[in-house]
Every structure is written in structure tokens, then in C-alpha cells.
Amino acid sequence: MTVHNLYIFDRNGNCLYYYEWNRKKQAGISKEEEFKLMYGMLFSIRSFVSKMSPLDMKEGFLSFQTSKYRLHYYETPSGLKFVLNTDLSVTNARDTLQHIYSNLYVELIVKNPACAPTHTLDSELFSSRLDSFIRALPYYSPRAA
Amino acid sequence: MVDEALFEFLHMEIVSHVYKEQQSSKGEMDNKDRAICVSVLEGMGFRVGQGLIERLTRDSPSFKDELDIMKFICKDFWTKVFRRQVDNLRTNHQGTYVLQDNKFALLTQLSGGKQYLDQAPKYLAFSCGVVRGALSNLGMDSVVTAEVSVMPSCKFQVVIQKL
């Protein structure tokens with residue numbers, strides 16, 4: 001039971017924040033390309049999901065799973081995208097992502113006069129609070145299952 | 001109770017506006033410009049403090065002496081304005097007081113330690129003015145300065161001017 005990594009994108013596709021806790025394999029491409037790939041994939045999958053949906057849909061794309069990990073997605077009304085990769089035992093991380101947004105991002109970044117909203121987030125307070133929050137989650141453990 | 005975020009956002013924008021205004025006249029800021037910005041912010045705080053203290057002391061009895069006034073500032077005034085009490089008040093009994101707040105409301109979102117330390121004074125100028133305005137309307141002329149070493153803890157130094 002573990003959390004692998006977290007990405008935060010703004011509404012224009014810039015990656016504001018990335019942190020990893022437990023990643024055994026890298027993507028093999030540079031970080032910028034990886035962020036572009038992730039954002040492009042999210043954009044395409046969201047539009048695919050809403051086009052092909054057989055019913056009217058409120059939320060849209062929530063998560064996908066592979067044989068080894070699950071990717072959770074949360075988009076705020078202001079266009080911020082939170083992406084969390086966990087292992088398969090975590091079925092719903094929506095509340096977690098929502099907590100990260102409202103209690104950490106809004107409190108420590110939006111209300112921080114020294115943090116411009118379009119740059120990468122370098123507030124140490126945000127990093128350390130996020131880290132302790134993730135480590136305190138019931139489904140986090142330092143070693144992957 | 002009003003949402004404190006309203007004032008926090010307004011304060012952030014006031015500080016940024018004052019600095020941008022000062023910077024637009026020249027290319028970059030030198031120390032004189034920075035001092036002008038700080039005194040503009042402090043002047044705004046002064047007027048706000050004067051008004052606030054009238055409102056907050058409408059129902060209280062008059063104060064016995066200087067120390068009583070300072071204790072009022074540290075407890076009731078600080079609670080109403082910054083939502084907590086001052087943690088530590090020190091004095092040399094000759095007109096100088098140091099108020100220490102370990103979790104100053106306007107600094108908690110900025111940083112948890114030393115990051116952004118150089119920007120902290122910008123966000124303290126207004127509050128220094130508020131304290132100076134409050135004291136001035138209570139009959140005490142003073143000079144209020146603030147210093148920060150580890151956020152969100154900060155110290156306000158009040159020196160009473162004897163006529």
C-alpha cells in the first residue's frame with residue numbers, strides 16, 4: 001500500500017509541482033517531456049471519456065488502473081489538475097486529492113504573497129506539509145507492496 | 001465572524017500594489033524606494049489602527065498606566081485584530097516594550113522557517129502602523145518596528161516617545 005508520486009498542473013498545462021515518494025522505474029525521458037506527456041494524455045482522455053459516454057456525465061474521468069498502479073485524477077473548478085499515482089489497493093483517492101487542494105494548496109500557495117500562481121511552487125512550507133500529509137495517510141507505507 | 005481570508009488577500013494586494021507603483025517610476029528599486037513603500041504601508045496601518053482602537057475601547061474603562069495599555073494591546077486588541085494573543089511581552093520599564101507573537105497571522109502562510117525571509121518585512125509594515133495608530137489614539141506617541149528571524153514568529157518593538 002503506497003503512494004508513488006504526485007503531479008500538479010495549472011490550467012495551461014504547466015506542471016507546477018511534482019514529487020515522488022516511491023518510484024522504482026523512471027520514464028526514460030526528461031522531466032519536461034514527461035510532464036507534457038502526462039498533461040497531453042489527461043487532456044485527450046478527458047475529451048474521449050466525455051464524447052464516448054453513453055450517459056450524461058457529471059464528473060468524467062476519475063482514475064485508471066494498470067496491473068501495477070492506479071492513477072487518480074482530480075480537477076478543480078479553477079482548472080488545476082491533481083494527479084496521484086498509487087498502488088492498486090487504493091480505490092478512491094478523491095478525498096485525499098480534495099484535501100490536498102483545499103487545505104494545502106489554497107492555504108499555503110494561494111494565500112502566500114510570495115508565490116506567484118503560474119510558476120513552479122517552491123514554498124518549502126507547502127512541500128513539507130504535503131510530505132507529512134502523504135506519509136500520514138493510512139494507505140502509505142515506505143516500501144511498495 | 002467575517003472570513004479572515006478577505007483581509008489577507010486584500011493585504012497581499014495592497015503590498016504588491018504599493019511596490020509596483022513605486023517601481024514603475026524607475027527601473028528598479030533601491031533602498032530609498034523600499035523605505036518609501038514601507039512608510040506608505042505603515043501610514044495606512046496608522047489610520048486603520050486609530051479607527052480600530054476607538055471601536056474596540058468604546059465599552060472599556062480608562063487605563064491605569066502605560067503597562068495597562070500595553071497589556072490591553074497584547075490581549076484584547078491582538079485577539080480582535082490578529083485572532084490570537086501576543087505570546088510574550090517584555091519591557092525595560094523605561095518606555096520600551098517588545099511584543100513577541102510566535103504564530104503571526106499574516107506570516108503563517110508565507111513560510112515555516114527561513115524561506116522568503118527577505119520579503120517578510122513588507123508584510124509587517126502595515127501591522128506596525130496599526131499598532132502605532134492604536135497607541136496614538138490612546139494618548140501614547142510611539143515608534144513601532146518589527147523584526148523576524150524564523151517565521152511565523154516575529155517581534156514588534158514599541159518605543160514610547162516622551163515629550
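Me: How many residues does the contact take from chain A and from chain B?
Reply: The model is a predicted one, in which local features need pLDDT of at least 70 and side-chain atom pairs count only at pLDDT 80 or more, whereas totals for chains, interfaces and linings use all residues. Residues are numbered from 1 along each chain as its sequence is written, chains are lettered from A and ligands numbered from 1 in the order in which they are written, and side-chain values use heavy atoms, with hydrogens and water left out. Taking contact to mean heavy atoms within 4.5 Å, the count is 12 residues from chain A and 13 residues from chain B.

Me: Which three residues supply 50% of the area that chain A buries against chain B?
Reply: Buried area is the accessible area (1.4 Å probe) that two parts lose on being put together, summed over both. Chain A and chain B bury about 1,100 Å² between them, with 57% of it on carbon and sulfur atoms. On chain A, more of the area buried against chain B comes from one trio than from any other three residues, namely Lys111(A), Pro113(A) and Leu125(A).

Me: Which side chains meet in the salt bridge between chain A and chain B, and at what N to O distance?
Reply: A salt bridge here is a side-chain nitrogen of Lys or Arg within 4 Å of a carboxyl oxygen of Asp or Glu, and the count between the two chains is one. The side chains that meet are those of Glu8(B) and Lys111(A), with an N to O distance of 3.7 Å.

Me: Which element gives the largest share of the side of chain A that touches chain B?
Reply: Helices (H or I, at least four residues) and strands (E, at least two) are DSSP runs, numbered from the N terminus. Both α2 (94–110) and α3 (124–135) of chain A supply at least two residues of the side that touches chain B. The largest share of that side of chain A, three residues, comes from α2(A).

Me: Against which elements do the buried residues of α3(A) pack?
Reply: Buried means under 20% relative accessible area, exposed over 50%, and partly exposed in between (1.4 Å probe, protein chains only). The buried residues of α3(A) are Leu125(A), Phe126(A), Leu130(A), Asp131(A), Phe133(A) and Ile134(A). They pack against three elements of chain A, which are β1 (3–9), β2 (15–20) and α2.

Me: How many residues apart are the parts of the chain linked by Lys162(B) and Glu66(B)?
Reply: Lys162(B) forms a salt bridge with Glu66(B), their closest N and O atoms being 2.9 Å apart. Lys162(B) lies in the segment after β4 (154–160) of chain B and Glu66(B) in helix α3 (residues 66–82) of chain B, so that the pair links distant parts of the chain. Lys162(B) is exposed, with a relative accessible area of 60%, whereas Glu66(B) counts as partly exposed at 23%.

Me: Near what value is phi of Tyr116(B)?
Reply: Tyr116(B) lies in the loop between β2 and α4 (125–137) of chain B, and at 12% relative accessibility it counts as buried. Its phi is positive, in a residue other than glycine, and is near 65°.

Me: Which peptide bond is cis, with omega near 0°?
Reply: The proline concerned, Pro152(B), is found in the loop between β3 (142–148) and β4 of chain B. The cis peptide bond is the one from Met151(B) to Pro152(B).
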